[in-house]
Amino acid sequence: MSLTRTIRRSLLLSGLVLLPLAWAPLDAFSKDHAFLINASPSLPNWAFWLDKHAPIERGSLIFFEPPQSELLERHFGKGPQMFGKRVLGMPGDVVRHEGDAVFINGKQVASLLEVTRLGVPLTRGPEGAIPEGCYYTGTDHPRGLDSRYGAIGYVCRGQILGSGRAIL
């Protein structure tokens, strides 16, 4: 048997032995992380890295499952959706509407629309103190469907898939 063949065989056998050892950490990592592609114009980036255990802070980008509604089905189709929005309000912050303006702790963070791009009437989102475990979300996009509207409302822990960061 030639030396080259012996080396190849040794490398192949070593790789087969080491593969299961490398697989376990990769499997654990993949359960807590994901690569996401954005198909919506409400966020400026098109690719995100999701960490299911990253802390959520004001300004964090979170990904969540919005409540099922006819409004979401009409605009995004049937089946579960995933939304990505910035955290604008934290538990205990106070949300207030004045005309078409939305304020959090006295600072204007957004403006309300009356209808969607398809002409569907929008209901105003919640006001008052943000409950523990919930967040007020939004984006800079004027037509973003977020906590400004009743179809989304506050985003609470059970809906949140994780926190992300833009990578592309």
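**Figure 1. The largest nonpolar core of the predicted model.** This core, a set of buried (under 20% relative accessible area, 1.4 Å probe, protein chains only) Ala, Val, Leu, Ile, Met, Phe, Trp, Tyr and Cys residues joined through side-chain atoms within 4.5 Å, has 26 residues. Those with the most contacts inside it are Ile62, Phe64, Val95, Tyr136, Leu145, Ile152 and Ile160. Two or more residues each come from β3 (61–64), α2 (70–76), β4 (83–89), β6 (101–104) and β9 (134–138), where helices (H or I, at least four residues) and strands (E, at least two) are DSSP runs numbered from the N terminus. The largest share, three residues, belongs to β9. The model is predicted: local features need pLDDT of at least 70, side-chain atom pairs count only at pLDDT 80 or more, and totals for chains, interfaces and linings use all residues. Residues are numbered from 1 along each chain as its sequence is written, and side-chain values use heavy atoms, without hydrogens and water.

**Figure 2. Surroundings of Leu145.** Beyond its neighbours within four places in sequence, Leu145 is in contact (heavy atoms within 4.5 Å) with Leu71, Leu72, Phe76, Phe83, Lys85, Leu122 and Ile152.

**Figure 3. Phe35 in strand β1.** Strand β1 spans residues 33–37. Residues up to four places away in sequence aside, Phe35 touches Ala47, Phe48, Trp49 and Ile167. The C-alpha atoms of Phe35 and Trp49 are separated by 4.9 Å, although the two residues are 14 residues apart along the chain.

Methods:
Buried < 20%, exposed > 50% of the residue type's maximum accessible area, 1.4 Å probe, protein only.
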